[in-house]
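Please look through the sequence and the model shown here before reading on. The report is meant to be read alongside them, with each residue found in turn.

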Amino acid sequence: MNAVRLPVWARFAAPVVVGIAGLLAWYAFVASGNAPRMLPAPFAVAAEFVGRAPLVWEAAGITGTNALVGLLAGTVIAVLLAALAATWRPVDGMTAPLVAALAVVPIVALTPILNTMFGASSQFGRQAVAGIAAFVPVFVNTLRGLRQTRPVQRDLFRATAATGGQTFLRLTLPTALPYLLTGVRVAASLAVISALVAEYFGGPADGIGTAIATYAKSGRAALAWAFVGGGIAIGLLFFLLTALLERIVARRLGALRP
């Protein structure tokens, strides 16, 4: 059976309708009087978000910067190690248990250690947590992409006397690029989440995560939820940018294929 392709307007309208329905359900639940004390009405959250916008965006900038630094560092290290693992089998054997260990390491347990290790005034611990979270999906996807070239393709490049560098730039890298970008898109969300979680456990007294914890503990629920909205905005921005980059590269590669 052929899948039915929705028109463009429907693809944009569907999430908007779902969002409005969710807000109405939220408002109805709070208005019923059965909502917990820490769940304010959406209008109260919106009022705090608008009224405290400079404070929210300042904290969002700090969290977003930590997530971006971690994403970039984790991506670069992952790509380099994946290239080595795809080239030399001993490196592949050594990195496999390392990646498996990083994939299951509990962020909430690692964060306090890194924050204490690098000091209460340094953002490096939070950036390191985001980098570790971003490393695994980028490494796994890149390594898979680097192994997608077929023997007949490599033989063709050898028959034309292409050097190793030319083969990598014109065959291996273009083949692996879609896999790399998929890994980056997944890693972007993980980096934001990890940066937010890291802000709960020590480090400097700034960022979205710290603000949420502080205002929730002090009973200012609407303001805490306003900062949750700031965290959601960061995650959506990272996702949209990486998805857009992935689509642009896919179109460029598609145009180059015969």
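**The chain as a whole**

The model is predicted, and its protein chain contains 10 helices and zero strands. Of the 258 residues in the protein chain, 36% are buried.

**Where helices meet**

| Pair of helices | Distance of the axes | Angle |
|---|---|---|
| H3 (residues 53-87) and H4 (residues 89-104) | within 5 Å | roughly 130° |
| H5 and H6 (residues 124-146) | within 8 Å | roughly 145° |
| H3 and H9 (residues 208-217) | 8 Å | about 130° |

The crossing of H3 and H4 is left-handed. On the side of H3, the residues that take part are Leu81, Leu84, Ala85 and Thr87, and they meet Arg89, Val91, Asp92 and Thr95 of H4. Sorted by class, this contact is made up of four nonpolar, two polar and two charged residues.

H3 also packs against H9, at an angle of about 130° and with the axes 8 Å apart, which makes H3 oblique to H9. Here Leu55, Val56, Ala59, Ala60 and Thr63 of H3 meet Ile208, Gly209 and Tyr215 of H9. The contact of H3 with H9 has six nonpolar and two polar residues, and no charged residues.

The pair of H5 and H6 has a crossing that is right-handed, and the axes of these helices cross at roughly 145°. H5 brings Ile107, Leu110, Thr111, Leu114, Asn115 and Phe118 to the contact, while H6 brings Phe124, Gly125, Arg126, Ala128, Val129 and Ile132. In terms of class, the residues between H5 and H6 are eight nonpolar, three polar and one charged.

**Aromatic pairs**

How many aromatic pairs does a search of the whole structure find? The search finds six, and two of these pairs are described below. In one of them, the rings of Tyr27 and Phe43 have centres 5.4 Å apart and planes at 75°, so the pair is edge-to-face. This pair links distant parts of the chain, since Tyr27 lies in helix H1 (residues 8-31) and Phe43 lies in helix H2 (residues 42-51), 16 residues apart. Tyr27 has a relative accessibility of 40% and so counts as partly exposed, whereas Phe43, with a relative accessible area of 60%, is exposed.

In another pair, the rings of Phe118 and Phe124 have their centres 4.6 Å apart and their planes at 70°, so this pair, too, is edge-to-face. Phe118 and Phe124 have already been named in the contact of H5 with H6. Phe118 is partly exposed, with a relative accessible area of 34%, and Phe124 counts as partly exposed at 43% relative accessibility.

**Two single residues**

Is Thr75 buried or exposed? Thr75, a residue of helix H3, has a relative accessible area of 15% and is therefore buried, because buried means under 20%. When residues up to four places away in sequence are not counted, Thr75 touches Val138 and Val184.

Val108 belongs to helix H5 (residues 107-118), and its relative accessibility of 48% means that Val108 counts as partly exposed. Which residues is Val108 in contact with, leaving aside its neighbours within four places in sequence? They are Val197 and Phe201. Val108 and Ala198 are 90 residues apart in sequence, yet they are 7.3 Å apart in space, taken from C-alpha to C-alpha.

Definitions and conventions
Residues numbered from 1 in each chain as written. Predicted model: local features only at pLDDT ≥ 70, side-chain atom pairs only at ≥ 80, totals over all residues. Heavy atoms only, no water. Axes fitted to C-alpha atoms, helices over the stretch in contact; angles between N-to-C directions. Helix = DSSP H or I, 4+ residues; strand = E, 2+ residues; numbered from the N terminus. Left-handed = near helix turned anticlockwise from the far one by under 90°. Contact = heavy atoms within 4.5 Å. Nonpolar A, V, L, I, M, F, W, Y, C, P; charged D, E, K, R; others polar. Buried < 20%, exposed > 50% of the residue type's maximum accessible area, 1.4 Å probe, protein only. Phe/Tyr/Trp six-rings, centres within 6.5 Å; stacked < 30°, edge-to-face > 60°. Parallel < 35°, antiparallel > 145°, perpendicular 65-115°, else oblique.
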